[in-house]
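Please look over the sequence and the model first.

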Amino acid sequence: MSHIKAPIVDTERRRRRSTAESSDTQWDHDPRVYRRTSQCDRLCVDIGSHVAETPSPDVSHQYTPKCLSAHKGGTTPFHYGEEIWQDGSSLKTTIRAENEVEANKLANNYRFGFRKWKSHVTERPIEDRSDIVRELYSELNFVRPQGSLITCGNIAYLILFGLWISLAYLLVCVLMFLTIIGVPYGKLCWKLSCYFLWPFGKSILKPRSLVRRCCVKFPHCEAIPEESDSKEVKESTPLLMPPSVPIEVPPQRTRYWCRVSTYVWLLLGYPLLGLIHGLACFLSWILVFTIPVAKMNARTLAIILLMPPEDVHIHRLKKPQGCESQVLLCCYHAFNWYYYKYTMDGINVFAVNLLPLVITTLVVGYVDTDNQFVSSEAKFTAAVSSIIPLSYYIGMGIASISAQSNFAVGAVVNATFGSITEMTFYITALLRGHQAGTKCYEEIVKAALTGTLLGCILFIPGISMIIGGFKHREQRFNSRSAGVSSALLFISIGGVFAPTLFSKAYGSLVCAGCTSSPANTSGPFTCKDCHYDMSGSNEPLYLRHIEPLVYTISVLLPSAYLIGLIFTLKTHSHIYDIQVSDGHDHHQGQCPPGGANMAGASGGHGTVVHWSRLRALSVLIMATLLMAACADLTTEHIKPILDHSAISQYFIGVTVLAMVPEIPEIFNGIQFALQNNISLSLEVGNCIAVQVCMIQIPLLILFNTFYDVGFMLLFSDLHLWASIFSVIVVNYIFMDGKSDYFQGTALVVVYLILLALYFFAPSPPAC
């Protein structure tokens, strides 16, 4: 017996040591990340083990600045995307990433002309996440220490879901008792009716003879709900139990399918409850923050209701359960604010939930062409809302391809797809206006262009400063790099509005509605509308002077954009002072412009990327096609709103059509600011504004050259002075390299003042 007992004791000692060194608690662990060890190691966890989470050191890469160890004479704690400052204008930037792909993505965020992206493009191991995030991905089948169960979210569950689900179970319970044969299921429905009325602090258990064998040797363990095959059980059993304990074979479930009551239940009870649980699952999933309710209903529908009724036991969790049963369902809270972080295959849950809206919008929009079932206003609203998730998918695809490719490929992808959302709307609107023979759509496009500039210059930096300033008293950014973006912004605005200034200097003043007093014919005329003729009707001025100027500017602006790329990425890349360092040997070296230098790093091996380059490219192409269809529906159904709305068409263009596609960018800027990375928050807006002026507008001019839709680069006075004033205000705010919530409030207030001007402005003459 001694030669058998020794391996048993040694196995138990190793199990306890590994449990003590574990970085995760039992209730937080995800079943998908368990290592395949012995059966009892996967079924038993020491109840008292709880050690702080420690990420694996061999998958950590750092971008660290020069002389970082001498900063303030001590060490500095690192966080993902944290920026470390010294006195002066130079910026010391530290970037930490889990693997090489993430490091390349973070480096792309600091490159000029690249779209800033916050979300991860690779799969993060669940054991490396925080306790809060790990709880989001739990399957609600783990027992953990419970806190207060009387919360606002749980009370809301009682009103919105609990009462109705419990009532449905009562009705099915009566139905099962009436059939006589289904009495066991009637008793089950009664128990589940009481459970779903208030499921918090209760658990649904299933007896397990397999776990009972483990408890012979480890009486203080708790069952981890994981099934395993019988072959592995037989292999692991001799090491886990003394020879005197007989090996129990799991009970066969063939008798369950031989019962008549089972088929009565599947025909009468299960479909009704399936409908109720499916509806509750759908509604709670759409609300996002109530995803625990969706998981609870889905798990009930897929597992609990398909089990023999005698195997389902409900217990109140007054103390941790023993390991004689398997936890099937255990919920503590129905509401969790942190579910805005929840992702599926790297896709945020909000983007997942809005994808059916895109499909529904396209089907209804192109099937119900006569607006018999859905009004034109509703179609317009749905089409505009569909742009939000498509913008997210395009951004995710761009970030995925850029992070897995070299600099040249990333630059091409960002230049081609970075503005595809706006360009699809602008081109479809100009085409529809050309077909209808009206200049109203052209004015809407110009209003949308100006609104994008104002929102990216004022609103995105302003709201990021406000929210970031509430968490961090004062935030600093690299004033030199911000100066480069500001200079390019000045060049962009000057180039875009140069033809407008030229037309005002040399155009003809046209007055309309002029009258004079009948009694005094020699007196001055009273004119209601005087303006400079900036239309194509003034052919000598436009064809000989303005049109060549527009073509010249459309060549110079992209050239300035290219020079900005060379300046910030090649010749003067030291402005950003981004360094690469391995977390083990502290080897430091400057990050080259073409990619992340991961010298000595091994985190790229075994990295699981959410989207491969082929898949990301497919998503980009598909999202672009869907975006074009949604933009076509938007322009098709915007005319009734323009005709019957009391609001100025200018206001619709600068708000709805301009800022809805930028909603993902707004959230990215806010998340950067919350992480004390205000530099990227400011670059989010500046990057979009520069791309509008230096890429999108020249592309529109190029499109108009090959297919004349009547687009002229001549803006109204309101667009001109609002844009110039915004650039001046922003450059004044950015001079000191500091930001707080007061400066952010100033930018947002200026933005709201300009929106008020557009709200009360008269509609364009063409509309």
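Is V288 buried or exposed? V288 counts as buried, because its relative accessibility is 1% and the cut-off for buried is under 20%. Note that this is a predicted model. The points below cover backbone, helix pairs and cysteines.

- V288 is not a glycine, yet its phi is positive, at about 65°.
- V288 sits in the loop between α9 (260–286) and α10 (291–302).
- N371 is another non-glycine residue with a positive phi, here about 60°.
- The loop between α11 and α12 (376–403) holds N371.
- N371 has a relative accessible area of 31%, so it counts as partly exposed.

**Helix pair α11 and α18**

- Helix α11 spans residues 349–367 and helix α18 spans residues 613–636.
- Their axes come within 10 Å and cross at roughly 50°.
- The two helices are therefore oblique to each other.
- The crossing of α11 with α18 is left-handed.
- On the α11 side, the contact uses V358, T361, L362, G365 and Y366.
- On the α18 side, L626, A629, C630, D632 and L633 meet them.
- By class, this contact of α11 with α18 has seven nonpolar, two polar and one charged residues.
- C630, one of the α18 contact residues, is buried because its relative accessible area is 0%.

**Helix pair α14 and α15**

- Helix α14 covers residues 420–436, and helix α15 covers residues 440–471.
- The axes of α14 and α15 come within 8 Å and cross at roughly 160°.
- That angle is over 145°, so α14 is roughly antiparallel to α15.
- α14 and α15 also pass in a left-handed crossing.
- From α14, the contact takes in F425, Y426, A429, L430, R432 and G433.
- From α15, it takes in Y441, E442, I444, V445, A448, L449 and T452.
- The residues of the α14 contact with α15 split into nine nonpolar, two polar and two charged.

**Cysteines**

- How many disulfides does the structure hold? The count is zero.
- C189 is in no disulfide.
- The cysteine sulfur nearest to that of C189 belongs to C173, 6.0 Å away.
- A disulfide needs the sulfur atoms within 2.5 Å.
- C189 counts as buried, because its relative accessibility is 0%.

How values were computed
Residues are numbered from 1 along each chain as its sequence is written. This is a predicted model: local features need pLDDT of at least 70, side-chain atom pairs count only at pLDDT 80 or more; totals for chains, interfaces and linings use all residues. Side-chain values use heavy atoms; hydrogens and water are left out. Axes are lines fitted to C-alpha atoms, for helices over the stretch in contact, and angles run from 0 to 180 degrees between N-to-C directions. Helices (H or I, at least four residues) and strands (E, at least two) are DSSP runs, numbered from the N terminus. Angles under 35 degrees count as roughly parallel, over 145 as roughly antiparallel, 65 to 115 as roughly perpendicular and the rest as oblique. A crossing is left-handed if the near helix is turned anticlockwise from the far one by less than a right angle, and right-handed if clockwise. Contact means heavy atoms within 4.5 Å. Ala, Val, Leu, Ile, Met, Phe, Trp, Tyr, Cys and Pro count as nonpolar, Asp, Glu, Lys and Arg as charged, and the others, Gly among them, as polar. Buried means under 20% relative accessible area, exposed over 50%, partly exposed in between (1.4 Å probe, protein chains only).
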